[in-house]
Amino acid sequence: MTSSKEIKNPGEIDWLERARKSKLAHRVALANLPFEDKIRIVVELQKIDNELAKATGRKTGQVWEI
Amino acid sequence: MEKTLEILKSLESRGIFKKYAIGGGIAATYYGEPTMAYDLDLFVFFPTGKDDLNLLTPTYNYLTGLGYSIEGDGILIEGVHVQFLPAYNPLIEEAVEESISVKFGSTNAQIFSLEYLMAIMVQTFRPKDKIRIENLLELIGQPDARLKFDSGKFSDILTRYGLRERWDDFIKGN
């Protein structure tokens with residue numbers, strides 16, 4: 001038996017499922033990066049967070065200088 | 001970061017502290033996808049024991065003597081904000097003892113094993129710990145993911161530290 005949602009719009013289900021799988025594949029790819037590359041990404045995240053914090057007046061941590 | 005890790009190794013070899021392991025967000029980053037963190041959290045065995053009120057003093061004195069500055073609740077070592085935390089309970093003590101050595105550039109670092117990291121997150125159980133557990137669990141189930149997880153070892157840790165019920169409730173709720 002199929003759900004009412006599948007009968008209404010099967011294309012939407014496919015699209016959501018593909019998006020979910022794609023996002024998960026991206027997360028796996030990030031997790032598989034070397035530690036050094038991951039730390040470089042952490043520093044980029046710190047920079048983005050710092051800019052947002054400055055714009056909103058929020059207190060934040062110090063961006064690593066590596 | 002490589003230079004920071006070299007300094008940490010020198011602290012250990014000089015006996016300023018006995019042993020350390022990286023935990024927190026950077027340990028979660030090692031196993032999973034990069035996660036936001038401003039601190040390199042180090043869980044440490046100090047020579048004087050965890051009950052010494054001045055246990056951080058020798059470490060701070062040594063590092064400030066090298067020219068590194070105290071910033072808030074940590075020290076800035078070669079551009080990285082490092083927070084020194086005494087191994088404050090039996091689970092964390094065991095996690096430091098059982099920590100693994102990982103390569104970073106031309107050096108290496110001690111880090112909590114995935115099973116201990118997850119158990120400590122179950123123990124602390126802050127909202128960010130729950131999110132990290134969920135993220136890691138999702139990755140553990142993926143055939144393409146490189147992280148290895150010993151479910152038997154994890155289960156044993158949960159049982160020995162009285163975390164089984166909390167874990168079961170968490171899994172039921174997901």
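How many salt bridges does the rule find across the interface of chain B and chain A? Two. Keep in mind that this is a predicted model. I'll start with that interface.

One of the salt bridges joins the side chains of Glu138(B) and Arg27(A). The N to O distance there is 2.6 Å. Polar contacts come next. Across the interface of chain B and chain A, the rule finds 16 residue pairs in polar contact, both residues at pLDDT 80 or more.

Which elements of chain B are involved? α2 (24–31), β5 (80–86), β6 (100–104) and α6 (127–140) each supply at least two residues of the side of chain B that touches chain A. α2(B) gives the most, with four residues. By class, that side of chain B has 16 nonpolar, eight polar and eight charged residues.

Now the extent of the contact. Chain B puts in 32 residues, and chain A puts in 23 residues. Between them the two chains bury about 2,400 Å². Of that area, 65% is on carbon and sulfur atoms. Three residues stand out on the chain B side: Pro34(B), Tyr38(B) and Phe104(B). They supply 27% of the area that chain B buries against chain A. That is more than any other three residues.

Back to α2(B) for a moment. Is this helix enclosed or open? Seven of its eight residues are buried, so α2(B) is largely enclosed by the rest of the structure. The buried ones are Gly24(B), Gly25(B), Ile26(B), Ala27(B), Ala28(B), Thr29(B) and Tyr31(B).

Next, one residue on the chain A side. Look at Asn32(A). Asn32(A) sits in the loop between α2 (10–31) and α3 (35–56) of chain A. Its relative accessibility is 15%, and the cut-off for buried is under 20%, so Asn32(A) counts as buried. What does its side chain reach? The backbone oxygen of Asp144(B), at 3.0 Å. Leaving aside residues up to four places away in sequence, Asn32(A) touches Asp144(B), Ala145(B) and Arg146(B).

On to the aromatics. Over all chains, the structure holds 11 aromatic pairs. Here is one of them. The ring centres of Phe35(A) and Phe104(B) are 5.4 Å apart, and the planes stand at 85°, so this pair is edge-to-face. Phe35(A) lies in helix α3 of chain A, and Phe104(B) lies in strand β6 of chain B, so the pair joins two chains. Both Phe35(A) and Phe104(B) are buried.

Another pair lies within chain B. Phe17(B) and Phe46(B) have ring centres 6.4 Å apart and planes at 90°, so they too are edge-to-face. This pair links distant parts of the chain, 29 residues apart. Phe17(B) is in the loop between α1 (2–13) and β1 (19–22) of chain B. Phe46(B) is in the loop between β2 (40–45) and α3 (57–65) of chain B. Are these two buried or exposed? Phe17(B) is buried, with a relative accessible area of 0%. Phe46(B) is buried at 5%.

Last item. Which residues form one aromatic cluster? Phe125(B), Phe149(B), Phe154(B), Trp167(B) and Phe170(B).

Notes. Residues are numbered from 1 along each chain as its sequence is written. Chains are lettered from A and ligands numbered from 1 in the order in which they are written. This is a predicted model: local features need pLDDT of at least 70, side-chain atom pairs count only at pLDDT 80 or more; totals for chains, interfaces and linings use all residues. Side-chain values use heavy atoms; hydrogens and water are left out. Buried means under 20% relative accessible area, exposed over 50%, partly exposed in between (1.4 Å probe, protein chains only). A polar contact is a pair of N or O atoms within 3.5 Å; within protein, one must be able to donate a hydrogen and the other to accept it, and residues adjacent in sequence count only if both atoms are side-chain atoms. Contact means heavy atoms within 4.5 Å. Buried area is the accessible area (1.4 Å probe) that two parts lose on being put together, summed over both. A salt bridge is a side-chain nitrogen of Lys or Arg within 4 Å of a carboxyl oxygen of Asp or Glu. Ala, Val, Leu, Ile, Met, Phe, Trp, Tyr, Cys and Pro count as nonpolar, Asp, Glu, Lys and Arg as charged, and the others, Gly among them, as polar. Rings of Phe, Tyr and Trp (its six-membered ring) pair if their centres lie within 6.5 Å; planes under 30 degrees apart count as stacked, over 60 as edge-to-face and the rest as tilted.
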